[in-house]
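Below is a set of questions and answers on one protein model, to be read with the sequence and structure in view.

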Amino acid sequence: MDLADDALMSQMYAVVVAVRCFERPHFVPAPEAAAVADLRHIDPGESTHLWGMWEEGTLAGVLTAWLPLHDNVDTVWTQVDIHPDHRRRGHGTRAIAALVDFARENTRARVVAEAHYPADRADDHPYRVFAERNGFRLGQTQIIRRLMLPVADDLLAEIAQEARAAYQGRYRVEAFGEVPRDLWPSLCACMNRLGSDAPSGEIDWEPESLTPERYEGFLDLDRQTGRVRLTAVAIDEDSGEVVAYSELALPPGNSRADQWGTLVLTEHRGHRLGQAVKVANLLALQANHPDRVDVITGNAHDNPWMVSINERLGFLPLELCPAFYRTLDTP
Ligand SMILES: CC(C)(COP(=O)(O)OP(=O)(O)OC[C@H]1O[C@@H](n2cnc3c(N)ncnc32)[C@H](O)[C@@H]1OP(=O)(O)O)[C@@H](O)C(=O)NCCC(=O)NCCS
């Protein structure tokens, strides 16, 4: 698909939104302009590729693939979206065949895809059946949780105070709308550990290679799409560097907030910094963006630290986000 073709991108958006909303009443899509701008974003670290599956002139499905270019270069990230009205006609299977060809052409040995479905269908949901029929294995399952806002001020104050007692004197915690530029290198170094440090089941990840230049590109994209990014960081008083962070993304056009990454560098764990940055960001969210009604987060089921803090804040399970992977014979 030509990403520059506005009419085609409108059709693509309609199909993908129909898929995302199907049997998921809690899902709120991003506006079209923001979703298309995200796909069109030129990131030197990752390229984006789209294909359409057509049925008698109607777009029936969309295959999206992302190629990491500087790290995890054995992998293709993918999303297969077949419109609910066009399923069980082989489009999904044909999309996977095209994807495997693309992966081989790009010397990738692994394809990874995520899905969303209810926890009570974990073993036999159609998306899982489809994935396994197409040679994928379930590699890891995240549990998606939702926190209804506002969280009681005294609970946030209590959690923040507990954390402060453990880190004060050695670290300071700050919440930013835009992180000062001098902190970008150490912030990027933290972000690069998220994929490799968080539990990921059977799917291993190398550290990523986000640079301040690429990060600036993502901030420009936020401004272009109207997305607001809140970042809380913990700074080591000795080095002046970021050693922990947590990000919330506030999408345009709706009243939700998405919890993105939270990470504490290994050598700085044990001082409640994860708890500190998460709560600092929630406090900033509630103080400055009272229009937001809920926060969505996803955690590996085997990440007890993160899950326990989320449960204490009041997050409740919503659905599963399984990750499937298929390894290919190396070309
Ligand atoms: C999963 C998805 C891509 C399947 O698309 P599709 O075009 O219906 O897939 P196919 O017609 O090629 O189905 C291939 C096989 O998968 C299995 N399958 C697919 N849907 C199924 C269902 N609802 N119930 C049981 N098995 C199903 C069947 O074995 C099917 O073969 P069959 O029709 O000969 O029995 C589609 O439902 C979708 O877009 N889901 C949402 C996005 C998603 O989760 N994508 C990623 C999954 S890795």
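Q: Into which domains is the protein divided?
A: This is a predicted model, in which local features need pLDDT of at least 70 and side-chain atom pairs count only at pLDDT 80 or more, while totals for chains, interfaces and linings use all residues. Residues are numbered from 1 along each chain as its sequence is written. The bounds come from an automatic or database domain assignment, and the division is into domain 1 (6-108) and domain 2 (146-319).

Q: How many residues does the contact take from domain 1 and from domain 2?
A: The centres of the two domains, taken over C-alpha atoms, are separated by 28 Å. Counting two residues as in contact if their C-beta atoms, placed from the backbone, lie within 7 Å, the contact takes 14 residues from domain 1 and 19 residues from domain 2.

Q: How do the residues on the side of domain 1 that touches domain 2 divide by class?
A: Ala, Val, Leu, Ile, Met, Phe, Trp, Tyr, Cys and Pro count as nonpolar, Asp, Glu, Lys and Arg as charged, and the others, Gly among them, as polar. On that basis the residues of this side divide into six nonpolar, five polar and three charged.

Q: Why do the buried residues of helix H1 line one face of the helix?
A: Helices (H or I, at least four residues) and strands (E, at least two) are DSSP runs numbered from the N terminus, and a residue is buried if 20 or more other C-beta atoms lie within 10 Å of its own, exposed if 12 or fewer, and partly exposed in between, with C-beta atoms placed from the backbone. In H1, Met9, Met12, Val15, Val16 and Val19 are buried. Seen down the axis of H1, these buried residues line one face because they fall, by the directions from the helix axis to the C-beta atoms, within an arc of 125°.

Q: Which exposed residues does the face of H1 turned away from its buried side carry?
A: The buried residues of H1 pack against helix H2 (32-40), strand S1 (46-55), strand S2 (58-68) and strand S3 (75-82). The face turned away from that buried side carries the exposed residues Asp6, Ala7 and Ser10.

Q: Which helix gives the most to the shell around the ligand?
A: The ligand is surrounded by 20 residues (C-beta atom, placed from the backbone, within 6 Å), and the closest are Arg87, Gly92, Thr93, Ala115 and Pro126. S3, helix H3 (91-105) and helix H4 (126-133) each supply at least two residues of this shell. With six residues, the helix that gives the most is H4.

Q: Is Asn310 buried or exposed?
A: Asn310 is found in helix H10 (residues 304-313), and it touches Arg145, Thr297, Asn299 and Phe315, not counting residues up to four places away in sequence. Because 22 other C-beta atoms lie within 10 Å, Asn310 is buried.

Q: Where does Arg292 lie?
A: With 18 other C-beta atoms within 10 Å, Arg292 is partly exposed. Leaving aside neighbours within four places in sequence, Arg292 is in contact with Leu149, Leu250, Ser255, Arg256, Ala257 and Leu285. Arg292 lies in the loop between helix H9 (273-288) and strand S10 (294-300).
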